[in-house]
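Please look at the sequence and structure first.

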Amino acid sequence: MTTRHPDVPERRLTADDLENTPDDGQRYELVDGRLDVSPAPTNTHFRVASRLNTYLNNLCQGEFEIGEGPGVNLNSERTTHRIPDLAVFDCDMPEGKYFDVPPLLAVEIVSPESVFRDNHIKRQEYAAFGIASYWIINPLADKIGLLELRLLDGQYQVVTQVYGEEVFETDLPFPVKLVPHWLLASGPWFKNLGGPAERN
């Protein structure tokens, strides 16, 4: 059996090491070379991410690259690697497996296990990486919430926070208008997600 000498520092992992993680549904990320493992997404998480992905792609009509769970290297050493629940890019697909540039928008959908990570740790990491807009969606059963943060002088500032059937509107990364309630509620979500139709 091989033992590690106590004076020899443990090797920091890189994004290349993620190739060997098991295909068990969990999310494997890196923080300064250390593995950060999250549980597999719930059905609630899946519904919110899928609907938002469909809606944003429909809105932008293919002008941006939008998808769920893209791997993003947050530093040149590739020792900090995150997987936003959804992201919007204005660049070509990378030649390798992961993105190395900041998306225009990163979205995280909060779970009980990720409250601190999404609201504090990733908030700091995404700001340092230069992600211009960060949405945190809290899919509470009684009233889903959406918090919009924008980068200003290297720090995120709260722009908007809406709940339930309130209408959320933004112009970053492109004009978006949506009602958070319909990201999760049963029923004709697609026709209602954009809010009430404007009357002439």
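Which residue of E9 does Tyr134 stand opposite? Tyr134 stands opposite Leu149 in E9.

## Basis

This is a predicted model, in which local features need pLDDT of at least 70 and side-chain atom pairs count only at pLDDT 80 or more, while totals for chains, interfaces and linings use all residues. Residues are numbered from 1 along each chain as its sequence is written, and side-chain values use heavy atoms, leaving out hydrogens and water.

Strands (E, at least two residues) and helices (H or I, at least four) are DSSP runs numbered from the N terminus.

Strands pair if DSSP finds at least two bridges between them. E8 and strand E7 (residues 105–109) pair in the parallel sense over five bridges, with Leu105 opposite Ser133. E8 and strand E9 (residues 145–152) run antiparallel and are joined by six bridges; six residues lie between them in this hairpin.

## Aromatic pairs

Rings of Phe, Tyr and Trp (its six-membered ring) pair if their centres lie within 6.5 Å; planes under 30 degrees apart count as stacked, over 60 as edge-to-face and the rest as tilted. By this rule there are six aromatic pairs. The ring centres of Tyr134 and Tyr156 are 5.7 Å apart and the planes are at 45°, so this pair is tilted. It links Tyr134 in E8 with Tyr156 in strand E10 (residues 155–163), 22 residues apart. Both Tyr134 and Tyr156 are buried. Ring pairs link Tyr126, Tyr134 and Tyr156 into a cluster.

Terms used: Buried < 20%, exposed > 50% of the residue type's maximum accessible area, 1.4 Å probe, protein only.
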